[in-house]
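Thanks for coming. Please have a look at the structure first.

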Amino acid sequence: MSTQPFVTFLFVDEDPLALSAWRRLVRDLPGAKRFARDMAEALALVHEQPPRVVVCGDLLPDGDGLHLLQAVRARHPHTACALHAVRPPPRSCPREITWVDRAAHPRELHSRLRALGQATTHPWA
């Protein structure tokens, strides 16, 4: 009997309305979903239980999303990270950090998140 690996998602955004939108969008995705409003809260959640997927807004009250994603990747290199921003990250951004356009249609966001979650469930992840 094989069991499906457990996927955990972490969504980070300073805007409570954006976090509410994420909650509605991902409610049917398998796995645990956690939400944070700043970098400190997000890092505490990552320390408690490393997520398989992190989606972060670019502006946080105590730092920027790209810095947070780089910190997560440094500690947990198999975590899928996505920057949810209006503009793509600079070219100097590591290739392992995906850009998710804030203007993307919810169906596209849902599809991307499902793919990120599934990509992290492989045995080598």
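By salt bridge I mean a side-chain nitrogen of Lys or Arg within 4 Å of a carboxyl oxygen of Asp or Glu. R34 sits in strand β2, residues 32–36; a strand here is a DSSP run of E with at least two residues, and a helix a run of H or I with at least four, both numbered from the N terminus.

What lies around the side chain of R34? A polar atom of that side chain is 2.6 Å from the backbone oxygen of Q49, and a polar atom of it is 3.1 Å from the backbone oxygen of L45.

A word on the source: this is a predicted model, where local features need pLDDT of at least 70 and side-chain atom pairs pLDDT 80 or more, while totals for chains, interfaces and linings use all residues. Residues are numbered from 1 along each chain as its sequence is written, and side-chain values use heavy atoms, without hydrogens and water.

The structure does hold 1 salt bridge. It joins the side chains of R102 and D13, at 2.6 Å from N to O. The two are 89 residues apart, R102 in the loop between β7 and α4, and D13 in the loop between β1 and α1. D13 is buried at 3% relative accessible area, whereas R102 is partly exposed at 31%, partly exposed being the range between buried and exposed, the latter over 50%.

Key:
A polar contact is a pair of N or O atoms within 3.5 Å; within protein, one must be able to donate a hydrogen and the other to accept it, and residues adjacent in sequence count only if both atoms are side-chain atoms. Buried means under 20% relative accessible area, exposed over 50%, partly exposed in between (1.4 Å probe, protein chains only).
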